Amino acid sequence: MTGFVFSEKPIQIEEGDGVYLYGDDGTEYLDMGASYACVPLGHGHDAVHDAVTEQFEKLTYVQASYPNATRTALYELLADTAPGDVDYTWLCNSGTEANEAALKFARAATGNSKVIATMQGFHGRTMGSLAATWKSKYKKPYEPLAGDFEFVPYDDPGEMRDAVDDETAAVIVEPVQGEGGINPAAQEFLEATREATEAHDAALIFDEVQTGMGRTGTLWAAEQSGVVPDVLTAAKGLGNGFPVGATLCREWIAEDYGSHASTFSGGPVISAAAGATVETIVDEDVSTHAADVGGYMQERLREAVGDDVREVRGEGLLVGVEVGRGANRALKELALNHGILALPAGRTVVRFLPPLTVTEEHVDAVVDAMAEVVG
């Protein structure tokens, strides 16, 4: 008997093209989830395909202790595009690995152990990142986890100021919570968190695993607040479907990061995919398109379903519709009756994370479907 350790959906996907996915029976689906924001440029993008093919023909893999031009180019590109002086990069394979590295770097650089995270936050499923994640359903089967983690309410400046002290190594926060329900942080909260960490020589970590790569209307969500963190993590959209994560940090973190390493840190093929993805997003101003279409989507949803749902919220093309306990039912109806694939954000929110190349016409189809599903 063949088995697997994963929860599968009843739709088998075999092909993708742009913003569409195709089932094994030929059914076309509008991909409004992008597999949790992993394909910001859509499926089968030419620039990514060409970069990966060219690199594969030259060199498949060499470990990061050997310099490689493709990997070095990605380091430089990320440093050039990151906010402020976040100029140093460590590459890995996923978002949870990027956050693990961020937590380890902060503890090593500060000499402290206490980490402050937020209620409803989600930072990954490995043991360290899981300790910084709020919901008990993710954590309980694996306890005890790494210690010295504390939680404060999200978007509460006063609670954050009170929590950070001289024993704090880091604060880890999402500029917009994804799994927690699509909750954008207020400017005041991010500024207060920055002030508190600076006052106590602690590291501020922005988890941009989901919000990075143009998703919220700027390349990094941090750009919208003007708050520059000490560490910035990225992953999902970074490789347009290829498994890659990155932990970007300031010099004071990088010079005393400890001894963290990974065998598959920034392989040349993966670096080629990530480089092509970032270059395309920047060169084609995909972030601005995401801001425009995302704003249009929220406006249309509020007009069409605002009276039938609790709230429509988000930033750019990270959009949540709070429908109450009926989120899973709504997702099933969208998929089976309307050919639209979306995602949950907890039990109550339908989450839309499409490729950033979607158009207003695609949005109109989604709005019409949502109006039928929740009306």
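Is Arg-194 buried or exposed? Here are my notes, starting with that residue.

1. Arg-194 is buried, at a relative accessible area of 9%. (Buried means under 20% relative accessible area, exposed means over 50%, and partly exposed is in between, using a 1.4 Å probe and protein chains only.) You'll find Arg-194 in helix α8, residues 187-199. Skipping neighbours within four places in sequence, Arg-194 is in contact with Ala-202, Leu-204, Val-227, Val-228, Pro-229, Asp-230 and Arg-250, where contact means heavy atoms within 4.5 Å.

2. A word on the model before going on. This is a predicted model, in which local features need pLDDT of at least 70 and side-chain atom pairs count only at pLDDT 80 or more, while totals for chains, interfaces and linings use all residues. Residues are numbered from 1 along each chain as its sequence is written, and side-chain values use heavy atoms, with hydrogens and water left out.

3. Now have a look at strand β7 (residues 168-173), which is mostly covered, with six of its six residues buried. Strand β5 (residues 114-118) runs parallel to β7 and is joined to it by three bridges; Lys-114 sits opposite Thr-168 of β7. Strand β10 (residues 203-207) also pairs with β7 in the parallel sense, over four bridges, and there Ala-170 has Ala-203 as its bridge partner. Two strands pair if DSSP finds at least two bridges between them.

4. There is also an open sheet of four strands, in the order β1-β2-β3-β15, with mixed pairing. Its edge strands are β1 (13-17) and β15 (340-341), each pairing on one side only. Strand β3 (residues 28-31) runs parallel to β15, with two bridges between them, and Leu-30 stands opposite Ile-340 in β15.

5. What about empty space? Rolling a probe the size of a water molecule over the atoms shows where it is left. On a 1 Å grid over the protein atoms alone, a cavity is a set of points where a 1.4 Å probe fits but cannot get out, while a pocket is an open set with protein on both sides within 12 Å along at least five of seven lines; lining residues have an atom within 4 Å of a point. Grid points are joined across faces, edges and corners, and a volume is the space filled by probe spheres set on the points.

6. The second largest pocket has a volume of about 280 Å³. It is lined by 14 residues, and the closest to its centre are Thr-89, Trp-90, Phe-105, Tyr-257 and His-260. Strand β4 (residues 88-92) gives the largest share of this lining, three residues. By class, the lining of this pocket has eight nonpolar, six polar and no charged residues. (Ala, Val, Leu, Ile, Met, Phe, Trp, Tyr, Cys and Pro count as nonpolar, Asp, Glu, Lys and Arg as charged, and the others, Gly among them, as polar.)

7. The largest cavity holds about 40 Å³ of space, and its lining includes Ala-37, Val-209, Arg-215 and Lys-236.

8. Last, the cysteines: the count is zero disulfides, taking a disulfide as a pair of cysteine sulfur atoms within 2.5 Å. For Cys-38, the nearest cysteine sulfur, in Cys-92, is 13 Å away. The sulfur of Cys-92 is too far for a bond because its closest cysteine sulfur, in Cys-249, is 12 Å off.
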